[in-house]
Amino acid sequence: MSTVVDFHKVVAVAGGFPVLAGLDIEIAPGEIVHLRGSNGVGKTSFLRACAGLIPIRAGEANVLGFDMRVDRRAPRRYIGLLGHENHLYTDLWVREHLEFRASVVGASEGDVGAALRRVGLSERLWSVPIERLSAGQRRRVAIASVLISRPQLWLLDEPHAALDSEGREFLDGILIDAASSGATVVFASHERDVLKSVASREVTLRGGRLWEDSGAA
Amino acid sequence: MLHEVLLVARKDLRVEWRSKVTIGQVAPLALLVLVVFAFAFDANARLLGLGAGGLFWVAVLFGGTLLIQRAFDLETDDGNFDAFRMSTIGAPSLFLGKSLGVFIQVVLLELVLGPGVALLYDVRIDDWFLLLAAALAGTVAFSVCGVLWGVMAAGVRVRATLLPLLLIPVLAPVLLAGSRAFETAFGVRAEAGWTWASVMFVIAAVHTAIGVGTFGFLLEEG
């Protein structure tokens, strides 16, 4: 597969508003792409369109080789999505939540511990209800939930939000490792300086279209 | 598929076990409804005995609607609806798993309400077999209808008020059939209780088939 994301003149509409207005972008395997742009330019919509959560109205859109206009659900099993929110069952204990996510993707119990250690979450917190964790600790659990599914395509929206400096270092390490093992990472963030060392490419959106691309030939 | 169904149901029940919403809040609230009915009928034993079947199902409808609401709040809080949609679990398994989770919680609710009805309304049971069959059919019908309509309301901002508005008219036939079947089981109505129980089994089967077939679409459009 030469491209993981291949969008050509893609138009997507959400709530009657064109959130992507003729977007052209290609992302290759192993890239770490930093999506930039002001609020409301389409960063989140692009991530959601890649995940098949927003239907494509016009243009050509392929994600992981699947035509998103034919079946936008097809690539989801290979995608790890982390949005603004954490997607956590907050009544469950940390370990229980991860065990559920692990069971869904066929990961083992050992993978649960490995993922929680990888995000630096102290073992004493594994048997604590998620609702009692701080915002940063919850974000770490959310990242562990994505990590455990070993996605081929990581779609992250403001992944560093609420993380302390240690948490950010853990996350950056995870993203670099994922990319070096062949996965592709696309994340939206306003934190340019922090992410310069992580991203292999910077893409700026404006008005639902590509505006600047550091990886353009 | 069975593995996926059990996975979803077990997760929902584990959340319930941790939060104790069914036992700690919904069941006492539904019991209070039974008490309020007793007051409303001025503790008229004859009237309460005649209407016990219907009052039981009204209390189940009231409490069960809260449980269905809760079952989908789990999937929408903290942005979980996206994770629910992104799940690799097949849509039919999600539907059946959620339905099984709701079914078990409604059974728990009924186990609290049943003795409540017997105690408060002084009910005598003539036909245990019919009673249990009608309770099973009604609970299955309630669960699958609830999950089917629950997912339609799940993605909507005003779901807390929309769900009962959608659900109660759909569940009216279950309420009617359940009441009639229970009245026969209680010996206060000579009509064919088994026919009414069968009606609920048919409603359950039809909604299960619709749910299995359409849950994926409803999830996407929610």
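Guide: Here is a quick tour, starting with how to read the model.

Guide: This is a predicted model, where local features need pLDDT of at least 70, side-chain atom pairs count only at pLDDT 80 or more, and totals for chains, interfaces and linings use all residues. Residues are numbered from 1 along each chain as its sequence is written, with chains lettered from A and ligands numbered from 1 in the order in which they are written.

Visitor: OK, how many residues are in the largest nonpolar core?

Guide: That core has 138 residues. A core here is a set of buried Ala, Val, Leu, Ile, Met, Phe, Trp, Tyr and Cys residues joined through C-beta atoms within 7 Å. Buried means 20 or more other C-beta atoms within 10 Å of the residue's own, exposed means 12 or fewer, and partly exposed is in between, with C-beta atoms placed from the backbone. Among the residues with the most contacts inside the core are A:Val186 and B:Met200.

Visitor: And which helix gives the most to it?

Guide: Helix H6 of chain B, residues 128-154, with 15 residues. Helices are DSSP runs of H or I, at least four residues, and strands are runs of E, at least two, numbered from the N terminus.

Visitor: What does A:Val186 touch?

Guide: Leaving out residues up to four places away in sequence, its contacts include A:Ile27, A:Leu47 and A:Trp154. Contact means C-beta atoms, placed from the backbone, within 7 Å.

Visitor: Back to H6(B): at what angle do H6(B) and H8(B) pack?

Guide: About 25°, with the axes 8 Å apart; H8(B) is residues 193-221. Axes are lines fitted to C-alpha atoms, for helices over the stretch in contact, and angles run from 0 to 180 degrees between N-to-C directions. So H6(B) is roughly parallel to H8(B), a label for angles under 35 degrees.

Visitor: New topic. Where does A:His87 lie?

Guide: In the loop between strand S6 (79-82) and helix H2 (94-105) of chain A. A:His87 isn't a glycine, yet its phi is positive, about 55°.

Visitor: Is A:His87 buried or exposed?

Guide: Buried, because 23 other C-beta atoms lie within 10 Å.

Visitor: What about phi of B:Lys20?

Guide: That one is near 60°, also positive in a residue other than glycine. B:Lys20 lies in the loop between H1 (2-19) and H2 (21-40) of chain B. With 11 C-beta neighbours inside 10 Å, B:Lys20 counts as exposed.

Key. Two residues are in contact if their C-beta atoms, placed from the backbone, lie within 7 Å. Angles under 35 degrees count as roughly parallel, over 145 as roughly antiparallel, 65 to 115 as roughly perpendicular and the rest as oblique.
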